[in-house]
Amino acid sequence: MDVILSTEEVVVSDLRVKLTGEASVIRPAEGTERRSFFLSNIDKVLLFTVETVHFFAPNPRFPFEAVVEQLRSAVSRLVVQHYEFLAGRLRLNPQNGRFEIDCNGAGGALFAVANSELTIEDLNDITYPNPAFKQLLLLHHGQEELAAGAQTIEELPLCPLQVTKFRCGGFTIGVGMNHCALDGLSASHFFQNMASLAAGLQVPLIVPCNDRRLLKARCPPRIEYDHPELVKLDVTDAAASSLLRPPSRDYVFKLFRLSGETVERIKTKALGSGKLERCSGFEAVAAHLWKTRTVALGMEAEETSWVLFAVDMRPRMDPPLPREYAGNAVFPAYASASAGELEAAALWWCVRKVQEGVGRMTDAYLRSCIDWGELHTGIPRGDDGERKGKGKGRSIFVSSWWRLGLEEVEYPWGKPLYSGPVIDDRLDIVLFLPNKKDNNGVNVFLSLDSHSMSKFCTLFLNIE
């Protein structure tokens, strides 16, 4: 059964969270050599924080104080060798104008403990990306100025953690990971390693590959393709900007909980034409979303509508990158078409456009993207009109956490009840999240103006 949830139906706005003391600095368990850590052209423009919260049920075998100490010890050991850059700070190299990480060990990882007067059950639906969950993150307790912009970016911790105990005995781990440090897959590996060291292992479960120069630009750079999926910025804009800034106007926010049966129906509809040889669940839902959202917005027929989504570069490079590559090895694939084309098109046609975007991600194309980043500073295309306060949402970025597996990480005290992102609501960001009630389903979270949202609800859930 498909369900639509609205913010006002599920959100608890005050979690009654208080820090139990000052945040402490977790420094490497052993001394580390100071050095500069190279950031690739993909890393260096992703200078914003990705915030995640991981919910856990109480476990009588692991008192809260023991959990805190095990996590603190695990992080301290991880930042000695395998993730030493997480104890460092960003720095703009004055000689080449590039951001890099100053692995000084002195900065350390910030760590805090907090209590909530509520129970986890009081939070209602923890799978809904509630903005109030920011209270479970350290940088939202009097240290917001650290994230204020480029002028303070060198002071910003790359991986602040907050462990919050609820009245029921359950707890959360809130992590604010700077995106320049890790992408989704390598962050998942980090959490697995943190869990394994907390469980008593002496070495990480997955040893990361930290050679970011595997994605270094060629010399001289060779831009061999057009890259309309990227927009140019200057370096300070890149530092201060966030793809996750809230919209400039009021919008309606809804989460669509699609069952596995509905996902299969969308796939069957796309494949039923006989025009496609294959179709993944992601491709089907993304294409269906792109088409129905464009129609709901009432765009002019000649306007171009874009959908972007991250593709893992690791297996697409020649030679392939190690799966353990720690860093950003994702790049936005894209599909575009006029609003008139999308409205008239069958679903299979929209899926094919999405598949063409995936197919475009060859080693040659990706090397061209990296080289583009050597000559320009840019970010994935967003909705420029919305940024000026007058757009219709022509571009969307689908951020998929659907199969990332954060909720499958085995901690000593058990797997999370749920793990997911906490983001500022944004017009041109759509989240695909795990559906905890149906492993084959997906939760789709997005925002639209109220008129368009009403129309979208009808179109999106009509799979005939």
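Guide: Let's start with a term: a residue is called buried when its relative accessible area is under 20%. The structure above is a predicted model.

Visitor: What makes threonine 172 count as buried?

Guide: Its relative accessibility is 0%, and the cut-off is under 20%, so threonine 172 counts as buried. Threonine 172 sits in strand E10, residues 171–178. Leaving out residues up to four places away in sequence, it touches Val53, His54, Phe55, Leu136, Gln162, Val163, Thr164 and Phe166.

Visitor: And why is glutamate 374 called partly exposed?

Guide: Its relative accessible area is 39%. Buried needs a value under 20% and exposed a value over 50%, so glutamate 374 falls in between and is partly exposed. This residue belongs to helix H9, residues 363–375.

Visitor: How far apart are glutamate 374 and asparagine 41, in sequence and in space?

Guide: They are 333 residues apart in sequence, while their C-alpha atoms are 6.4 Å apart in space. Asn41 is also one of the contacts of glutamate 374, along with Arg98, Ala217 and Pro221, once neighbours within four places in sequence are set aside. Across the protein, 81% of the contacts with a separation of 6 or more join residues 24 or more positions apart.

Visitor: Let's turn to the sheet. What order do its strands have?

Guide: The order is E1-E12-E19-E18-E16-E13-E14, an open sheet of 7 strands with mixed pairing. Strand E1 (3–6) and strand E14 (330–338) are the edge strands, since each pairs on one side only. From one strand to the next, the twist averages 20°.

Visitor: How do you know that E13 and E16 pair?

Guide: Two strands pair if at least two bridges are found between them, and E13 (residues 304–312) and E16 (residues 395–400) have 4, so they pair. Their pairing is in the parallel sense. Tryptophan 306 has serine 395 of E16 as its bridge partner, and leucine 308 stands opposite phenylalanine 397 in E16.

Visitor: In what sense do E13 and E14 pair, and over how many bridges?

Guide: They pair in the antiparallel sense over 9 bridges. Phenylalanine 309 stands opposite alanine 333 in E14, and the E14 bridge partner of leucine 308 is tyrosine 334. Strands of a sheet pair through backbone hydrogen bonds, either parallel or antiparallel.

Visitor: Which residues of H8 are buried?

Guide: Leu347, Trp348, Cys350, Val351, Val354, Gln355, Gly357 and Val358 are buried in H8. The buried residues of this helix pack against H5, H6, E13, E14 and helix H7 (339–344).

Visitor: How do you know that the span of H8 agrees with its number of residues?

Guide: At 1.5 Å a residue, the 13 residues of H8 should span 18 Å. The end C-alpha atoms are 18 Å apart, so the two values agree.

Visitor: What makes H6 largely enclosed?

Guide: In H6, 17 of the 17 residues are buried, so the rest of the structure largely encloses this helix. H6 covers residues 281–297 and should span 24 Å, and its end C-alpha atoms are 24 Å apart, which agrees. After H6 comes glycine 298, with a positive phi near 65°.

Notes:
Residues numbered from 1 in each chain as written. Predicted model: local features only at pLDDT ≥ 70, side-chain atom pairs only at ≥ 80, totals over all residues. Heavy atoms only, no water. Axes fitted to C-alpha atoms, helices over the stretch in contact; angles between N-to-C directions. Contact = heavy atoms within 4.5 Å. Expected span 1.5 Å × (residues − 1). Buried < 20%, exposed > 50% of the residue type's maximum accessible area, 1.4 Å probe, protein only.
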